[in-house]
Amino acid sequence: MHVQELTKQYDGKTVVDGVSFAIPKGKVISLIGPNGAGKSTVMGMISRLIAHDSGLIDFEGKDIGKWKSKELSKRLAILTQSNNIQMKLTVRELVTFGRFPYSGNRVTPEDQKIIDRAIHYMELEEFQDRFIDELSGGQRQRALIAMVIAQDTEYVLLDEPTNNLDIYHATNMMKIVRRLCDELGKTVILVLHEINYAAFYSDYICAFKDGKIAKFGTVEEVMTKENLSQIYQVDFEILTIAGKPLSIYY
Amino acid sequence: MGVIDLTPGELLAGNFEQLEIFLISRLPRLLAILCTGIGMSVAGLIMQQLCSNKFVSPTTGATISSAQFGILLALLFMPASTLWSRAIFAFATAILGTWIFVWFIQRIQFKDVVMVPLVGIMFGNVIGGITNYLAYKYEMTQALSSWLVGHFSLVLKGRYEIVWLTVPLVVLAFLFANHFNIVGLGKDFSKNLGVPYNLVLFSGLTIAAMITASIVVVVGSISYIGLIVPNVVAMYKGDKIRGTLVDTALFGAIFVLVCDMIGRIVIAPYELPIELIVGILGSLIFIGLLFYRLKHGRKAIRLGSAGTGCCSAMPNLKGGADQ
């Protein structure tokens, strides 16, 4: 997937301005940056949830707008923050929806196997017949991830997956992201606010500022004192912990 | 159960007079009751799912009042209108009214779930007000009253067949049940799964509006069923439409049947309009439901605050029906 000169305006105000990048396959890529830098909008555009004003989004050799919605949903999955599910669906019923692009209303035995695997992978067996609205925030996130796994897409896009989770659940979430990439070979793109999660668990970081890409590179390339200070306008120190550059800001 | 006693034995024995009553009045009435119960509860279920709001129903979503407005228009412009032409008018206005309502609530994006049905009730009352005004102006109130308060007493062979339309529509709803569920989970969610959000949303609403309109044309306004029945069933069976649609339909049918029987027994040989019975029973069940939820489960707070809003809305609903 690569993006060229992507632009988006809201009410005459440019929120994404000439953004170009290429997504390396089979890696974890984190989009970071201050509030209003345009990272979530970019995420929305490359997942076809938001229409782009100009520029090109090339997904697997074809413009993303030219893909049939159903075909695209077999290759690219997106979870947004707005998924606050109030419906009384069981975990299993939710995960079953992940097979919808493939089988529609008729769930085949093959689908059942994939659903079982996804539930097992997210360790949700004991919850599978519980209603989602009775689960905790962390469990609910896992159920949604299980649905995405059942959707069996090459690309997984997550918009602030650690939002509203405590340190324990957020860290577990990031470990899951890593496993999606390492064990299942998926390309995972996330929007993150927590820089150190991005640094510790991703391969590449794409830092946004004022609707433009401030820096895009490997974790080591982006996580420098100068880069981060310039992007966030606060003072940074970089420490190397467990072989990863982690930041302290004050 | 009626003014004239019918017995199965004599029917089978070929008592011609009894057979005639049975075929002309009793059987149509039974079928109309069943269709009404099934139709209204399924329409409510669809609307609740699509709007992901437990308090939306044909009554609180302006569908019924729009359908009545359509009937009035038909009576005004085509005084000699047949059942079918009235139905077509009612379909058109019911669909339009529901669409406008949902379009409106999507643009505004209310934070509080209670606001949606409240706005719906207001919108419905505005339409009802226009209907009443026009009816007074053209001296149509009497003609219209038959559609304002739902009752089965005018259901006879030859003038109720439109309710049968609910059957294919309910089947259609069953076929698209999963689509409705996914759309109910949100726009982003359905786009992710490759489901065309707006198309499914508005065709689902069209189905619900058509079911409602075909019932209003024959029977008149029947509130609450679309609100209570899906909620009661969802408490036990969850929100997966495929799993609850049949239960919802059956429960709705039985509910209306029981209400109709009560209405015919209380002051026999006369009868009370079904709207009255459903209104009384419905509001009691609804309050019971709210108390039950207050006592059980974590969702007590959310539903509790929602409940206050809905109780205050009830006098409104009834007031509209009694006029």
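**One annotated span and its surroundings**

Modeller: In chain B, residues 273-292 form a span that is 95% helix and 0% strand, with its end C-alpha atoms 29 Å apart; helices (H or I, at least four residues) and strands (E, at least two) are taken as DSSP runs and numbered from the N terminus. This is a predicted model, in which local features need pLDDT of at least 70 and side-chain atom pairs count only at pLDDT 80 or more, while totals for chains, interfaces and linings use all residues. Residues are numbered from 1 along each chain as its sequence is written, and chains are lettered from A and ligands numbered from 1 in the order in which they are written.

The span belongs to a list that comes from an unreviewed UniProt entry, where the annotation "transmembrane region" covers residues 30-50, 62-80, 87-108, 114-136, 162-180, 200-233, 245-267 and 273-292 of chain B; the positions are given in the numbering used here, feature names are shortened, and annotations may be inferred rather than shown by experiment. Another span from that list, residues 62-80 of chain B, is 79% helix and 0% strand, and its end C-alpha atoms lie 27 Å apart.

Chain B as a whole contains 14 helices and zero strands. Of its 323 residues, 50% are buried, meaning that 20 or more other C-beta atoms, placed from the backbone, lie within 10 Å of the residue's own, against 12 or fewer for exposed and a count in between for partly exposed. Among contacts in chain B between residues at least 6 apart in sequence, 77% join residues at least 24 apart, a contact being two residues whose C-beta atoms, placed from the backbone, lie within 7 Å.

The partner is chain A, of which 23 residues are in contact with 17 residues of chain B. On the chain A side, helix 2 (69-72), strand 6 (76-79), helix 3 (91-97) and helix 4 (100-103) each give two or more residues, and helix 2 of chain A gives the most, with three. By class, that side has 11 nonpolar, eight polar and four charged residues, where Ala, Val, Leu, Ile, Met, Phe, Trp, Tyr, Cys and Pro count as nonpolar, Asp, Glu, Lys and Arg as charged, and the others, Gly among them, as polar.

Chain A has 10 helices and 12 strands. Its radius of gyration, taken over C-alpha atoms, is 18 Å, close to the 18 Å that the globule rule (2.2 Å times the number of residues to the power 0.38) gives for 250 residues, so chain A is as compact as a globular protein of that length. Buried residues make up 43% of chain A.

Strand 6 of chain A, which gives residues to the side that touches chain B, is also an edge strand, as is strand 10, each pairing on one side only. The open sheet in question has six strands in the order 6-7-8-3-9-10 with mixed pairing, two strands being paired if DSSP finds at least two bridges between them. Within this sheet, strand 3 (residues 28-32) and strand 8 (residues 187-191) of chain A pair in the parallel sense over four bridges, and A:Ile29 has A:Ile189 as its bridge partner in strand 8. Strand 9 (residues 204-209) and strand 10 (residues 212-218) of chain A instead pair in the antiparallel sense over six bridges, with A:Phe208 bridged to A:Ile213. Two residues lie between these strands in their hairpin, where A:Asp210 takes a positive phi near 50 degrees.

A further open sheet of chain A has four strands in the order 2-1-4-5, with antiparallel pairing. Strand 2 (13-22) and strand 5 (62-63) stand at its edges with a single partner strand each, so one side of each is left without a neighbour in the sheet. Helix 1 (residues 39-46) of chain A packs on this sheet, touching strand 1, strand 2 and strand 4, and its direction makes about 115 degrees with that of strand 1; axes are lines fitted to C-alpha atoms, for helices over the stretch in contact, and angles run from 0 to 180 degrees between N-to-C directions. In the loop between helix 1 and strand 4 of chain A lies A:His52, which is buried, with 22 other C-beta atoms within 10 Å. Leaving aside residues up to four places away in sequence, A:His52 touches A:Leu6, A:Thr7, A:Lys8, A:Met45 and A:Ile57.
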